[in-house]
Amino acid sequence: MSDRHWMITGVSSGLGRALAEAVLERGGVVVGSLRDKERAAAFERLAPGRSFAVVLDATDPPEVLTGRADEAVRLAGHLDVLVNNAGYGLLGAVEEVSEEEIRHQMDTNFTGPLRLVRALLPHFRERGRGHVVNISSIAGFTGQPGLGVYNASKFALEGLSEALRIELGPLGIGVTIVEPGAFRTGWAGTGLKHAERRVPGYGAVDAIRGGLEHLDGAQQGDPRRAAAAIIQAVEAAEPPARLPLGADAVKAVRGKLAAVGRELDAWESLSASTAFER
């Protein structure tokens with residue numbers, strides 16, 4: 001349905017930009033959020049009358065985010081799809097990251113998206129339809145050394161999304177979690193924040209740090225193909241609850257499911273032994 005109206009956060013670059021451009025190319029309407037006011041006019045020039053910009057930061061207070069959501073509805077006329085895409089990675093051992101870094105990571109990757117969902121749900125409920133797409137990561141399904149706080153932010157987003165899907169399904173509102181693997185965006189470069197190295201001995205974290213430095217710009221994932229896949233999933237008769245993107249993401253999901261299954265089998269008797277005796 002090429003005439004759907006989308007709100008996509010974080011459209012200045014990366015997957016958010018690729019998705020916005022793909023929707024516009026298909027004739028859709030996009031309200032894109034950016035943090036930089038100077039880039040807003042350039043985004044609106046992509047498709048005058050169909051591309052609109054709102055300036056927001058995911059860490060803005062709830063009343064500000066609600067105001068931006070209302071502005072998005074006004075600009076687009078109505079909204080069919082909300083894509084919570086804005087976010088960033090934080091690299092550092094859990095012991096190393098500061099309280100401020102933890103708070104900012106959670107506010108950006110989890111609390112901000114939660115607030116935007118809450119702000120737009122009355123609009124979706126009134127229309128009796130809508131779709132929420134929460135961009136997670138394969139790191140929202142599997143934990144990785146050096147990314148523990150980032151993992152936590154995305155795991156939280158996925159738990160929220162699973163509950164929302166159950167709550168909103170009867171109201172005609174869909175929810176899909178998108179779990180990209182490695183894509184050629186700025187995530188592993190300028191989009192990745194590094195905690196100060198404070199604690200020695202975390203060899204696994206150093207290995208991840210070195211791996212990400214070499215990965216940036218060499219990822220196999222194409223953001224434009226990811227964008228096309230997201231659109232196809234949203235427009236499907238039965239959109240998926242979870243959409244891993246990239247062969248690496250699919251492999252990681254299958255690997256964790258298999259490992260959890262094996263461990264569950266090995267410990268099932270103990271796990272099931274905790275009821276009161278009759």
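H4 passes helix H5 in a right-handed crossing (the near helix is turned clockwise from the far one by less than a right angle). This is a predicted model, where local features need pLDDT of at least 70, side-chain atom pairs count only at pLDDT 80 or more, and totals for chains, interfaces and linings use all residues. Residues are numbered from 1 along each chain as its sequence is written, and side-chain values use heavy atoms, leaving out hydrogens and water.

**H4 with H5**
- The axes of H4 and H5 (residues 148-168) lie 8 Å apart at an angle of about 15°, which makes the pair roughly parallel (angles under 35 degrees).
- Contact (heavy atoms within 4.5 Å) involves H4 residues including Ile102, Met106, Phe110 and Leu121, and H5 residues including Val149, Leu157 and Leu168.
- By class, this contact has 15 nonpolar, 3 polar and 1 charged residues.

**H4 itself**
- Spanning residues 99-127, H4 has 29 residues and reaches 41 Å from first to last C-alpha, close to the 42 Å expected at 1.5 Å a residue (1.5 Å times one less than the number of residues).
- A kink of about 45° is centred on Asp107 (the angle between axes fitted to the seven residues ending there and the seven starting there).
- Just after H4, Gly128 takes a positive phi of about 75°.

**H4 with H3**
- Helix H3 (residues 62-76) packs on H4 at about 45°, with the axes 9 Å apart.
- Among the residues in contact are Pro62, Leu65 and Val73 of H3 and Gly112, Arg115 and His123 of H4.

Notes: Helix = DSSP H or I, 4+ residues; strand = E, 2+ residues; numbered from the N terminus. Axes fitted to C-alpha atoms, helices over the stretch in contact; angles between N-to-C directions. Parallel < 35°, antiparallel > 145°, perpendicular 65-115°, else oblique. Nonpolar A, V, L, I, M, F, W, Y, C, P; charged D, E, K, R; others polar.
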